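Dear colleague,

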Amino acid sequence: MHVLRRCPVCECSQAALLHTIHYPAEENRILPTEYRIVSCSSCGMVFDDFDADASTFARYYHSAEKYALKNIAGSGGESEEDKKRFQKIADRIVPFIKDKNSHIADIGSGRGELLHELNQRGYRNLSAVDSSKKCIAAMKNNTNWKTVHCALEELEGKLLCDFIICSQLFEHLFSPAAALQILSKILTPSGMLFIEVPNARCYEKYLYKPYHYFDGEHINHFSVEYLKRILHANGFKVLLFGETENKLLFDIVYPDCYALARKTTEPVPVMDAPSTDYTEKIMLYLEKSAKLSSLQQTLIQSQNPARRYFLWGLGAYGLKLLNSGLFDSWNIAGLIDIDQSKQGKIIRGHTVYTPSILKKPENRTACVCILSAIYEEQIRRQLQEMGFSGDVNRI
Ligand SMILES: [Zn+2]
């Protein structure tokens with residue numbers, strides 16, 4: 001099929017359709033409601049195709065507030081798990097940054113915890129870049145690094161760096177190749193870049209909920225090979241790379257991969273197609289997801305729809321489930337999410353509340369159904385702390 005968004009790695013405009021995902025057309029939704037997960041006909045890279053352009057995503061991240069939340073996993077959060085992930089990144093990059101005065105920038109810094117780790121290791125010349133106002137505001141009182149409020153695409157002329165870190169960023173970018181060209185311009189001639197992204201080759205190994213790695217924000221599904229390929233095609237020579245896993249929260253482990261590269265003017269050979277079992281593993285992930293999804297459907301249909309329910313968790317996974325129509329016969333009293341930007345909205349006919357709605361006497365005996373893919377344990381603990389006495393189940 002012809003894709004509306006070209007392959008982020010090789011720019012090919014033909015791809016094979018693997019799966020389609022629909023989200024509810026909620027009030028003020030910025031992101032597309034239909035995502036087609038496709039595999040590039042030329043290089044095999046799996047990516048999301050949709051009817052939206054780079055400006056749609058820029059607008060979305062500019063207004064995104066969730067990455068400034070303290071308890072969001074895998075961004076620049078302050079959880080013990082995130083701190084460990086930042087320590088691992090620091091361990092990998094520190095041997096390549098000998099000069100403690102090197103200018104290091106973390107792009108997509110969230111709350112800046114990775115820079116905090118580097119600062120503790122003696123680095124003094126640090127910059128945090130984020131396009132979210134709330135993230136920048138969350139860092140405003142620190143004196144250990146500079147903050148730059150802008151998107152990666154607007155960085156030209158604003159910084160000159162010796163080392164750039166993009167952790168959990170490239171999977172979100174509409175045009176990763178264009179981003180590498182911009183990063184090249186803000187790097188010194190022998191400057192270096194470290195990229196860490198979710199490792200799509202291992203999605204099937206860490207499957208928690210069906211299709212949950214296809215979440216509307218992660219639109220590029222890299223592996224080590226594709227990271228190397230895109231870096232080599234854009235004037236970088238890869239010096240270090242690998243697969244890793246990081247704990248997100250409680251017992252949720254996430255597959256990641258990384259590459260550290262140096263800017264170069266020498267031509268670097270670009271490989272043709274990935275030599276590993278990437279495509280096979282993605283197909284296996286889709287197969288496993290389809291099986292799990294049908295089990296889930298049976299589970300939803302076996303619940304007593306006449307009970308009074310609150311559905312908690314409106315991330316991509318929760319929204320997809322809600323949009324499936326499987327809850328349409330349920331007696332839903334409301335939806336719950338801790339993200340303030342969602343509260344008060346009406347999604348598929350139901351109002352989104354703060355968790356405190358459960359403190360009302362009439363709701364104490366309601367049933368809470370958790371729709372979150374990865375925050376289940378966190379929600380359970382919050383319910384416990386609130387002293388909620390009704391039933392809690394999960395889908
Ligand atoms: Zn391609």
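Setting aside neighbours within four places in sequence, Phe 327 is in contact (heavy atoms within 4.5 Å) with Ile 300, Leu 311, Leu 321, Leu 322, Ile 332, Leu 371 and Ile 395. This is a predicted model, in which local features need pLDDT of at least 70 and side-chain atom pairs count only at pLDDT 80 or more, while totals for chains, interfaces and linings use all residues. Residues are numbered from 1 along each chain as its sequence is written, and side-chain values use heavy atoms, with hydrogens and water left out.

Phe 327 is also among the residues with the most contacts inside the largest nonpolar core, which has 106 residues; such a core is a set of buried Ala, Val, Leu, Ile, Met, Phe, Trp, Tyr and Cys residues joined through side-chain atoms within 4.5 Å, buried meaning under 20% relative accessible area with a 1.4 Å probe, protein chains only. Because domain 1 (53-284) and domain 2 (305-394) both give residues to this core, it lies between them; the domain bounds come from an automatic or database domain assignment.

Strands E4 (residues 104-107) and E5 (residues 126-130) run parallel and are joined by four bridges, with Leu 126 in E5 as the bridge partner of Ile 104.

Best regards

Technical notes. Pairing = 2+ DSSP bridges. Helix = DSSP H or I, 4+ residues; strand = E, 2+ residues; numbered from the N terminus. Buried < 20%, exposed > 50% of the residue type's maximum accessible area, 1.4 Å probe, protein only.
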